[in-house]
Amino acid sequence: MKTKIDNILDGLSGIGTFSTVVQQINTMLLDDDVSIRKVADLVEKDSSITATVLRLANSSYYGLSKKVTTIHVAITVLGLNTIRNIITTVSLCSLFRKAKTDIFDIRDLWWHSLGSAVCAKSLVGKAPVETGEMAFVCALIHDIGKVLIYQSLSGDMERIIARVKERKDESLIDIETEILGFSHARIGSELARRWRFPDMYVDVIRFHHHPDVLMKKADSDHNRPEDSPDSSASTKGLVASGRLVGPAVYAANQMAKVFAFGKSTDEKAKTIDDALWDMTGIPLDEVPSIISKIYNEFNLMKTSWNLG
């Protein structure tokens with residue numbers, strides 16, 4: 001039986017139809033033995049995406065010493081996950097641009113999402129590159145559910161935003177669940193599943209307001225028997241990354257609000273407690289340099305990628 005969320009997603013046009021290239025790449029990357037050539041061939045079938053990837057790969061953001069002229073070389077130099085995230089970012093930016101709303105500023109929400117992504121990636125900077133890319137894309141997508149709610153239930157979205165302003169001590173998630181029966185995190189995670197992102201990405205998006213729940217789930221997944229269908233090397237690696245990425249995305253969401261990177265529909269930044277911060281593995285004496293890096297990365301991405 002279809003749920004209310006299923007009916008909403010089935011009825012969407014535009015924002016519910018994500019780049020088919022991203023969906024296909026997501027499927028390919030679940031295979032530990034996927035070849036660069038195979039992914040490059042897929043990307044090159046779309047001339048617009050190919051031109052965009054090459055433009056961004058050669059931007060000052062990546063600072064490559066030599067110009068990249070083919071997708072194969074771009075993947076070789078930057079990595080499969082980075083190429084996927086470039087395409088995801090550009091595609092998502094386009095979807096935000098098309099989603100007009102008079103209830104909240106969609107442009108502000110886009111900058112908040114991008115700012116959260118930059119913060120999350122910086123917070124896991126000492127982890128493997130793949131973990132940083134996972135943190136970036138999960139934070140980038142974390143609030144897409146808000147756009148979905150507006151697109152399909154604008155009247156309810158207006159009530160939610162009004163209630164948030166009235167009830168200062170009540171969480172956005174609780175208000176959404178009271179009015180809709182589900183939250184932006186829940187519907188956003190279901191859309192990510194339809195976009196064929198790995199399960200751990202879906203879980204991070206679903207529980208980005210509740211990293212403690214995500215940590216318990218990651219611990220449970222990590223302890224699966226070796227003969228479990230979901231105990232492959234790639235899955236185990238995602239679970240390990242998820243235990244770091246979950247707290248990082250939560251913290252990044254709060255930091256983006258404090259740094260005024262755009263504006264969320266819920267502007268109240270929650271406290272990042274010591275236990276949660278410890279999960280990121282960043283010593284307090286390194287925080288100033290991390291913050292400086294975040295500002296530099298955010299401004300560089302805005303200017304060099306032309307994502308406004």
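Predicted model: local features only at pLDDT ≥ 70, side-chain atom pairs only at ≥ 80, totals over all residues.
Local features were taken at pLDDT of at least 70 and side-chain atom pairs at pLDDT 80 or more, whereas totals for chains, interfaces and linings use all residues. Residues are numbered from 1 along each chain as its sequence is written, and side-chain values use heavy atoms, with hydrogens and water left out.

The structure holds 15 salt bridges, each defined as a side-chain nitrogen of Lys or Arg within 4 Å of a carboxyl oxygen of Asp or Glu. Accessibility is classed as buried (under 20% relative accessible area), exposed (over 50%) or partly exposed (in between), with a 1.4 Å probe and protein chains only.

One of the salt bridges pairs Asp 143 with Lys 146. Their closest N and O atoms are 3.2 Å apart. Both Asp 143 and Lys 146 are buried. Elsewhere, shared partners join Lys 2, Asp 6, Asp 10 and Arg 194 into one salt-bridge network. Within it, the side chains of Lys 2 and Asp 10 meet at 2.6 Å, N to O. Lys 2 is exposed at 55% relative accessible area. Asp 10 is partly exposed at 39%.

Lys 126 and Glu 286 form another salt bridge, with 3.0 Å between the closest N and O atoms. Lys 126 lies in the loop between α7 (106-123) and α8 (129-141), and Glu 286 in the loop between α16 (274-280) and α17 (287-305), so the pair ties together parts 160 residues apart in sequence. Helices are DSSP runs (H or I, at least four residues), numbered from the N terminus. Lys 126 is exposed, with a relative accessible area of 65%. Glu 286 is partly exposed, at 25%.

How values were computed
Helix = DSSP H or I, 4+ residues; strand = E, 2+ residues; numbered from the N terminus.
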